[in-house]
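Morning, everyone. Let me put the model up and we'll walk through it together.

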Amino acid sequence: MIEESAVDEETAVDIDSTEASSAYDVVIIGAGFNGLYQLYRLRAEGFRVRLLEAAPGPGGVWYSNSYPGARVDSHIPNYEFSMEEVWRDWNWSERFPGAEELRDYFAHVVEALDLGDDISYDTRVRGAVFDDDARRWTVTTDVGDVQCRFLVPCLGFASKAFTPDLEGLDTFAGARHHTAHWPSAGVDLSGKRVGVIGTGASGVQVVQEAAKVAEHLVVFQRTPVTALPMEQRSYDRDQHEELKASYPELFRKRNSPPGSFADMDRLDVSALAVSEQERNAVFEAAWRKGGFHFWAATFSDILLNEASNRTAYDFWRDKTRARISDPVTAEALAPTEPPYPFGTKRPSLEQDYYDVFEQDNVELADLRKHPITRITPTSVETQGGSHELDVLIMATGFDANTGGILAIDLHGLDGVPLSQRWADGVDTHLGMAVPGLPNLILLYGPQSPTAFCNGPTCAELQGEWVVELLVRMRERQLTRIEATEEAATAWTEHVEEVGAYTLFPLADSWYMGSNVPGKKRQMLNYPMSDGYLARLRTNAANDYQGFVLD
Ligand code: NA7
């Protein structure tokens with residue numbers, strides 16, 4: 001049974017002054033979608049839960065990624081909780097809300113679900129050690145220790161920023177900021193000479209904003225992004241009412257198998273099985289809808305078959321090049337030949353990204369032709385010349401999927417650290433548990449669908465598996481769960497097999513762990529979120545195969 005355990009008073013530190021001498025059934029790390037959902041549901045089931053969050057407020061990535069232009073790439077109402085007590089009184093101003101509105105939304109969630117008293121903000125978790133005799137984790141934070149039966153990290157996939165090791169980077173004497181650590185007071189780019197390294201989602205978004213105000217903007221591009229039209233829309237009061245009327249049905253659909261975007265379906269037909277005219281009509285319709293429709297809701301084999309994929313790439317290329325007048329810039333931004341199969345690096349959503357290169361104050365530095373050689377106190381030097389800058393923006397992404405969890409010094413059985421277990425690559429059972437680390441349950445972690453599964457949808461669907469597990473363990477008076485070695489080996493092989501069936505391994509991307517030099521190249525996101533959720537249900541129905549419960 002998950003009982004209240006007495007804590008050694010010597011080691012108990014005042015995480016929450018009202019409960020200084022208590023241990024928790026569950027400690028959750030992270031106040032994004034997953035963490036807040038776990039807190040809400042586990043508390044409702046009667047568990048004693050504490051949520052620890054490093055930032056001063058809720059929102060996860062939206063708290064720190066506050067650079068100009070930061071906004072979500074999943075459209076409303078997919079990117080919100082389905083609980084009526086949350087959506088009833090919340091009206092979005094835009095179809096793709098920006099970071100500030102998202103931060104307000106998370107504050108609203110905390111208030112609407114009355115979660116605030118169970119969250120410790122400004123509390124960064126440094127490490128955790130499992131005591132197998134006591135069947136308990138001791139979690140170390142920078143304000144003290146706390147103990148719990150189950151530890152549930154909800155760190156998202158992008159909680160650790162990645163900065164490349166560029167020669168001389170630390171000598172840059174101007175303002176230098178990573179998009180993921182943007183100063184809350186903002187950074188004045190007006191009238192400045194600004195450089196942006198990186199052209200993923202963050203790069204595209206910050207470039208669009210910097211181009212409006214910078215005296216001169218240099219965009220350092222290593223690999224072209226295949227950015228898609230966002231088709232942003234503002235919502236007025238009538239549209240709010242219309243949207244709300246459709247919510248129950250949309251959420252019912254979103255939360256039923258296959259469990260993803262409520263209003264996006266792939267055709268059950270190959271791109272090669274239709275005429276060119278029919279194919280282009282499907283592409284055109286998806287293009288006009290905006291967002292991820294062109295990526296995720298056209299033909300069944302766009303991400304499976306190279307010839308099918310090429311039809312989508314060519315459509316994207318021609319649409320994009322039509323907006324760029326200079327042929328050299330057009331070839332750099334939207335090359336004739338695909339630099340990687342379309343969609344195997346996450347497409348970004350753009351509003352006027354390709355148009356800003358028409359402006360006199362914007363310059364593209366093509367790093368494929370002229371790589372960066374070093375950074376000086378005043379400039380970025382490439383093989384093609386020197387770019388004098390006042391502000392250098394690192395839009396270089398994340399040590400995705402594993403960086404966040406490995407930044408916590410976790411020690412399982414016999415004191416073995418997770419970093420040692422994963423030294424040669426990640427292994428998990430179902431992306432949620434690691435042999436040797438009992439009572440540790442990962443949500444939105446490596447080897448689960450994560451970046452292929454819309455955040456709040458996964459938080460609710462994967463999250464319910466955890467809630468049910470802990471309820472059933474309590475009913476059966478069980479206090480320990482551990483994944484078996486065999487199950488973790490089998491799941492890791494299965495993730496690789498499914499990955500190999502897709503085109504994703506053909507690109508260097510954070511999906512594959514291959515955006516960070518030295519990191520093992522392996523499929524870190526399970527590419528079949530529908531099949532995954534069915535597996536979770538089967539696993540629970542079959543008494544948690546691959547786990548030992550006692
Ligand atoms: P991404 O998508 O990982 O983009 C990072 C960008 O930084 C990408 O263009 C990289 O080029 C570039 N990069 C990384 N290292 C270097 C070096 N050494 N030199 C030049 N350029 C470099 O991160 P984002 O933050 O934009 O987006 C991450 C996800 O968060 C996004 O997809 C959304 O889902 C939210 P590369 O492609 O590696 O050549």
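Which residues are closest to the ligand, and how many surround it? Twenty is the count: 20 residues surround the ligand, and the closest are S202, R222, T223, K345 and R346. Near, here, means that a heavy atom of the residue lies within 4 Å of the molecule or strand.

Ground rules, quickly. This is a predicted model, where local features need pLDDT of at least 70 and side-chain atom pairs count only at pLDDT 80 or more, while totals for chains, interfaces and linings use all residues. Numbering starts from 1 along each chain as its sequence is written, and side-chain values use heavy atoms, with hydrogens and water left out.

Back to the ligand. The side chain of R222 puts an N or O atom 2.8 Å from a ligand oxygen. The side chain of K345 also has an N or O atom 2.8 Å from an oxygen of the ligand. G200 uses its backbone: an N or O atom there lies 3.5 Å from a ligand oxygen. On its own the ligand has 780 Å² of accessible area, and the protein covers 86% of that. Those areas come from the Shrake-Rupley method with a 1.4 Å probe.

What is the shell made of: how many nonpolar, polar and charged residues? It divides into 9 nonpolar, 7 polar and 4 charged. For the classes, Asp, Glu, Lys and Arg count as charged; Ala, Val, Leu, Ile, Met, Phe, Trp, Tyr, Cys and Pro as nonpolar; the others, Gly among them, as polar.

Where does the ligand lie relative to the domains? Domain 1 (15–160 + 400–549) and domain 2 (169–394) both give residues to the shell, so the ligand lies between them. The bounds come from an automatic or database domain assignment.

Now the sheets. Strands here are DSSP runs of E, at least two residues; helices are runs of H or I, at least four; both are numbered from the N terminus. Two strands pair if DSSP finds at least two bridges between them.

Start with the parallel one. Five strands form an open sheet in the order β7-β16-β8-β9-β12, with parallel pairing. β7 (175–178) and β12 (362–366) are at the edges with a single partner strand each, so one side of each has no neighbour in the sheet. Neighbouring strands are turned by 15° against each other on average, direction ignored. β7 pairs with β16 (residues 391–394) over 4 bridges, in the parallel sense.

Next, the antiparallel sheet. Three strands form an open sheet in the order β13-β14-β15. β13 (372–375) and β15 (385–388) are the edge strands, each pairing on one side only. The twist averages 20° from one strand to the next. β14 (residues 379–382) and β15 run antiparallel, joined by 4 bridges. V380 has H387 of β15 as its bridge partner.

On to β4. Strand β4 (residues 125–131) runs antiparallel to β5 (residues 136–141), with 6 bridges joining them. F130 is bridged to W137 in β5. Their hairpin has 4 residues between the strands, and R135 takes a positive phi near 55° there. β4 also pairs with β17 (residues 409–411), in the parallel sense, over 3 bridges. There, G127 has D409 as its bridge partner.

Then β5 goes on to β6. A hairpin joins these two strands through 2 residues. β5 and β6 (residues 144–153) pair in the antiparallel sense over 5 bridges. T141 stands opposite G144 in β6.

Last, two backbone details. Which peptide bond is cis? The one from I76 to P77, with omega near 10°. P77 lies in the loop between α2 (61–64) and α3 (84–87). And E231, a residue other than glycine, has a positive phi near 55°. Find E231 in the loop between β10 (228–229) and α6 (237–254).

Key. Polar contact = N/O pair within 3.5 Å; in protein donor to acceptor, adjacent residues only side chain to side chain. Axes fitted to C-alpha atoms, helices over the stretch in contact; angles between N-to-C directions.
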